Amino acid sequence: MKNGFVESFNGRMRDECLNENLFDNLRHARSLIKVWRNDFNHHRRHTSLASLIPVEYANRSKEDQSLNRANLN
């Protein structure tokens with residue numbers, strides 16, 4: 001195991017997407033993987049991000065950076 005985050009993602013993708021679907025062809029596989037990846041990256045809460053969805057975490061991070069800059073002045 002070289003990177004725990006990558007190993008965790010690979011396991012989730014395998015368990016939740018690849019093992020759950022039968023793919024008719026490469027186009028079908030790409031389509032289902034795209035839908036799963038979109039859900040994983042944009043709609044699902046992540047415990048590693050304080051149980052926020054990635055967009056919420058990114059926005060919070062930007063707000064925190066703005067506050068830190070304001071406090072420096």
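Reader: Hi! In what order do the elements of the protein chain run from the N terminus on?

Author: Hello! They run α-α-α. This is a predicted model, and its protein chain has three helices and zero strands.

Reader: Thanks. How much of the chain is made up of buried residues?

Author: Of the 73 residues in the protein chain, 14% are buried.

Reader: And which residues are buried in H1?

Author: In H1 those are Gly11, Met13 and Cys17. What covers the buried residues of H1 includes H2.

Reader: Nice, let's stay with that pair. How do the axes of H1 and H2 cross?

Author: Helix H1 covers residues 4–18 and helix H2 covers residues 26–42. Their axes come within 11 Å and cross at roughly 125 degrees. That angle is why H1 counts as oblique to H2.

Reader: Is that crossing left-handed or right-handed?

Author: H1 passes H2 in a right-handed crossing.

Reader: Which residues make the contact, then?

Author: On the H1 side there are Phe9, Arg12, Met13, Glu16, Cys17 and Leu18. H2 brings in Leu32, Ile33, Trp36 and Phe40.

Reader: How many of those are nonpolar, polar or charged?

Author: Eight residues of the contact of H1 with H2 are nonpolar, two are charged and none is polar.

Reader: Changing topic: where does His43 lie?

Author: His43 lies in the loop between H2 and helix H3, which covers 54–72.

Reader: Buried or exposed, and why?

Author: His43 counts as exposed because its relative accessibility is 53%, and the cut-off for exposed is over 50%.

Reader: What does His43 touch?

Author: Leaving out residues up to four places away in sequence, His43 touches Asn38 and Ile53.

Reader: And what separates His43 from Glu56?

Author: Along the chain they are 13 residues apart, and their C-alpha atoms are separated by 10.0 Å.

Reader: Last one, for the whole chain. Of contacts between residues at least 6 apart in sequence, how many join residues at least 24 apart?

Author: In the protein chain, 14% of those contacts do.

Definitions and conventions. Residues numbered from 1 in each chain as written. Predicted model: local features only at pLDDT ≥ 70, side-chain atom pairs only at ≥ 80, totals over all residues. Heavy atoms only, no water. Axes fitted to C-alpha atoms, helices over the stretch in contact; angles between N-to-C directions. Helix = DSSP H or I, 4+ residues; strand = E, 2+ residues; numbered from the N terminus. Parallel < 35°, antiparallel > 145°, perpendicular 65-115°, else oblique. Left-handed = near helix turned anticlockwise from the far one by under 90°. Contact = heavy atoms within 4.5 Å. Nonpolar A, V, L, I, M, F, W, Y, C, P; charged D, E, K, R; others polar. Buried < 20%, exposed > 50% of the residue type's maximum accessible area, 1.4 Å probe, protein only.
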